[in-house]
Amino acid sequence: MAPLTPEVAIKQTNYVSSMVHLLCLCTNEKSTSMNTEAITRVIMNLLTEIESLCASIVHDYQTRYDHSMNLITEVLNLLNNCNSNSKWPDTLSKMLLEWIESSPNSVLILPTISSACRSLASITNMVIIVEKAMDSYFNSDFDLSDGRGWTYLLGALKVPEMSLTDFLDEAIQHGCYIVLFSYALQQLPLSQGLEDEMKLLQDMIQWTFKVKPMQQNEAKLFLWWHRTILLLLRQLDFGTDQAIVCRTLQNWLPAMITLGEDKASSGFLGALGLGKKSQLSIKFRLITKALCTFMSIQILPSGVIRLDPNAPIKPETSSGKSHEPTLTNLESLKTNKQYISLKEHIEAAINFLTDSRNTLRDTNILFTQMTKHLYTDARYLETLFKEVV
């Protein structure tokens, strides 16, 4: 196929823009003959045409990307300009999300991320569509080795600076955790020193307190937990007062402990052992319990972080509460019916925790081993297995 000329690109963009304009007019029609199925069919055909056009541009990746982004931007204007006092915003959003999920290998997935960031008026729509596109990308057949997956995603993500706080708040509220982690990765190279890294570290800790994950997105939390541990160790390695690092770690642990509980322990019912049952998977809870226990025993009674393999391990003390991160409570999971299928992983974690050669520096070894075995299908977690960013 001949190279895409500026004239042809403009004609194609104008065509898509005209189609979207007509569709938006249709959403204002009160006629009962204008049904959802008809408009959905037109939009799906339009997306198919755009995909076919852009896939045929093989001579220049950047030209294809830019043109794809321009065309998808026009499609996303459906959400900006449709009748907001009707069913259409939700209907069109759902339809676009279904298309993204069903098209992981599409050349339009990455341009959709950039287009959503630059064109959508609703921050809610923006973070949800970007997260869905990132999910879809990691479910694709693309070669994501050697960091290419994250490199391309970070290049596509353009966080709106004027709406940054709203962007992050919406991402937290709607469970868009890959979006949050991607933002953190973008910020790291911009850090001017330990103070900037500490601020980012504390932001990620606050995210852990605020999030309300479900089983379908729980493993995404591991992305920034892993990075949080690395940043804590960097603070120690480059001279931050150990007391500050210790306090930061202690501030983080309660959020993780809460997420690892089998039942909520807060409130009156929680105190009676009648708290609400966790909606998170047992494998997530096991990893969280093991991490919390390991990091807790690396904080010595003197407030010093254990970094020397020859230093004594903190003696265990417990108030008998089942949610506390103690080795005894971790060992008790071996006889817990809920965790019977994970007995092998529990024993492996206990062996790691009781090996005095392991210090806080080895936290991500435990983290990686458990995650690699229990979340084999989560491709986005490959960043935990190999440093790629």
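**Figure 1. Lining of the largest cavity in the predicted model.** The residues that line the largest cavity are Leu47, Ile72, Val75, Leu76, Leu96, Trp99, Ile100 and Thr112. Two helices, α3 (61–81) and α4 (88–102), each supply at least two residues of this lining. Sorted by class, the lining has seven nonpolar residues, one polar residue and no charged residues. The volume of the largest cavity is about 40 Å³. A search of the whole structure for cavities of 30 Å³ or more finds one. Rolling a probe the size of a water molecule over the atoms shows where empty space is left.

**Figure 2. The buried residues of helix α8.** Helix α8 covers residues 164–173. Its buried residues are Phe167, Leu168, Glu170, Ala171 and Ile172. An α-helix has 3.6 residues a turn, so residues three or four places apart point the same way. Among the elements that cover the buried residues of α8 are α6 (123–138), α9 (177–187) and α10 (194–210). Gly175 follows α8 and has a positive phi, near 70°.

**Figure 3. Surroundings of Ser281.** Ser281 sits in the loop between α13 (267–271) and α14 (282–297). Is Ser281 buried or exposed? Ser281 counts as buried because its relative accessibility is 9%, and the cut-off for buried is under 20%. Leaving aside residues up to four places away in sequence, Ser281 touches Gln215, Glu218 and Tyr375. With Tyr375 there is also a polar contact, made between the side chain of Ser281 and the side chain of Tyr375 at 3.5 Å.

Figure 4. A disulfide is a covalent bond between the sulfur atoms of two cysteines. How many disulfides does a search of the whole structure find? The search finds zero. A pair of cysteine sulfur atoms would have to lie within 2.5 Å to count as a disulfide. Cys117 is buried, because its relative accessibility is 7%.

**Figure 5. Cys292, a buried cysteine.** Cys292 is in no disulfide. The nearest cysteine sulfur to that of Cys292 belongs to Cys246 and is 15 Å away. With a relative accessible area of 2%, Cys292 is buried.

Conventions: Residues are numbered from 1 along each chain as its sequence is written. This is a predicted model: local features need pLDDT of at least 70, side-chain atom pairs count only at pLDDT 80 or more; totals for chains, interfaces and linings use all residues. Side-chain values use heavy atoms; hydrogens and water are left out. Helices (H or I, at least four residues) and strands (E, at least two) are DSSP runs, numbered from the N terminus. Buried means under 20% relative accessible area, exposed over 50%, partly exposed in between (1.4 Å probe, protein chains only). A polar contact is a pair of N or O atoms within 3.5 Å; within protein, one must be able to donate a hydrogen and the other to accept it, and residues adjacent in sequence count only if both atoms are side-chain atoms. Contact means heavy atoms within 4.5 Å. On a 1 Å grid over the protein atoms alone, a cavity is a set of points where a 1.4 Å probe fits but cannot get out, and a pocket is an open set with protein on both sides within 12 Å along at least five of seven lines; lining residues have an atom within 4 Å of a point. Grid points are joined across faces, edges and corners, and a volume is the space filled by probe spheres set on the points. Ala, Val, Leu, Ile, Met, Phe, Trp, Tyr, Cys and Pro count as nonpolar, Asp, Glu, Lys and Arg as charged, and the others, Gly among them, as polar.
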